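The following note sets out numbered comments on helix packing, a hairpin and selected residues. Please read each point alongside the displayed structure.

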Amino acid sequence: MKLTSLILAASLTALTACTTVATPATVDQAALSQTASLMVSIGQHGEGMSADDINDLSAELDAQVAAAPNDPFVLKLAAQSRRTLSDYSQDRAQRVHLRHTALAEYDRALELAKSNPAASRMVMINGQETEIDLKDLPDLRAQLMHQVQTDR
């Protein structure tokens, strides 16, 4: 009888731990949602930002990437956001830094996407569920690389 109670208690403890600990998928989805929100905000309110504003937003993107460093979807949206930020930057050094960071994020996303390039995820963008996929990563990276090469 005591063994059964002990097993039941251990099972309940393990089950409780499983339900209260955030899973990697939950963390990744939260980071993806936050990154998508940042991307929308940058696109809508980016004109006329100061260098400090751009640095603050870049730091926020860093935090989202740090929360889900192995999520190619988060990396893709972060890279797209940095590219947009770089277009708003009046400071050449800042623009170059943002673009190189975005290239590194695209590279990492491409590496992670090799195992499942056809994967997609849903995220809320502008109040609508939007499907994000990884099919365009090579093209996005190539476009940014061209921009980096011509911005000398």
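1. A residue is called buried when its relative accessible area is under 20%, and exposed when that value is over 50%. The model discussed here is predicted. By this cut-off Ala 109, with a relative accessible area of 0%, is buried. Ala 109 belongs to helix α5. Apart from neighbours within four places in sequence, the contacts of Ala 109 are Pro 72, Leu 75, Lys 76 and Leu 137. Lys 76 is 33 residues away from Ala 109 along the chain, yet their C-alpha atoms are separated by 6.3 Å.

2. The packing of helix α4 (residues 72-88) against helix α5 (residues 92-113) deserves attention. Their axes come within 8 Å and cross at roughly 160°. Because angles over 145 degrees count as roughly antiparallel, α4 and α5 are roughly antiparallel to each other. The crossing of these two helices is left-handed. On the α4 side, the contact is formed by Pro 72, Leu 75, Lys 76, Ala 78, Ala 79, Gln 80, Arg 82, Arg 83, Leu 85, Ser 86 and Asp 87. The α5 side supplies Arg 95, Leu 98, Arg 99, Thr 101, Ala 102, Glu 105, Tyr 106, Arg 108, Ala 109 and Leu 112. Sorted by class, the residues of this contact comprise ten nonpolar, three polar and eight charged.

3. Ser 86 may be considered together with that contact. This residue is located in helix α4. Ser 86 has a relative accessible area of 0% and is therefore buried. When neighbours within four places in sequence are set aside, Ser 86 is in contact with Arg 95, Leu 98 and Arg 99.

4. Helix α5 also packs with helix α3 (residues 51-67), at an angle of about 15° and with the axes 12 Å apart. Since angles under 35 degrees count as roughly parallel, α3 and α5 are roughly parallel to each other. Their crossing is left-handed. The residues in contact are Ala 51, Ile 54, Asn 55, Ser 58 and Val 65 of α3, with Gln 94, Leu 98 and Glu 105 of α5. By class, this contact has four nonpolar residues, three polar and one charged.

5. A further pairing involves α4 and helix α6 (residues 137-150), whose axes come within 12 Å and cross at roughly 25°. That angle makes α4 roughly parallel to α6. The crossing of α4 and α6 is left-handed. Lys 76, Gln 80, Arg 83 and Asp 87 of α4 meet Leu 137, Leu 140, Gln 143, Leu 144 and Gln 147 of α6. The contact of α4 with α6 contains three nonpolar, three polar and three charged residues.

6. Strand β1 (residues 120-125) and strand β2 (residues 128-133) run antiparallel and are joined by six bridges.

7. Where in the hairpin does Asn 126 lie? Asn 126 is placed in the loop between β1 and β2, and the hairpin has two residues between its strands. The phi of Asn 126 is near 55°, which is a positive value in a residue other than glycine. Asn 126 counts as exposed because its relative accessibility is 57%.

Definitions and conventions: Residues numbered from 1 in each chain as written. Predicted model: local features only at pLDDT ≥ 70, side-chain atom pairs only at ≥ 80, totals over all residues. Heavy atoms only, no water. Axes fitted to C-alpha atoms, helices over the stretch in contact; angles between N-to-C directions. Helix = DSSP H or I, 4+ residues; strand = E, 2+ residues; numbered from the N terminus. Parallel < 35°, antiparallel > 145°, perpendicular 65-115°, else oblique. Left-handed = near helix turned anticlockwise from the far one by under 90°. Contact = heavy atoms within 4.5 Å. Nonpolar A, V, L, I, M, F, W, Y, C, P; charged D, E, K, R; others polar. Buried < 20%, exposed > 50% of the residue type's maximum accessible area, 1.4 Å probe, protein only. Pairing = 2+ DSSP bridges.
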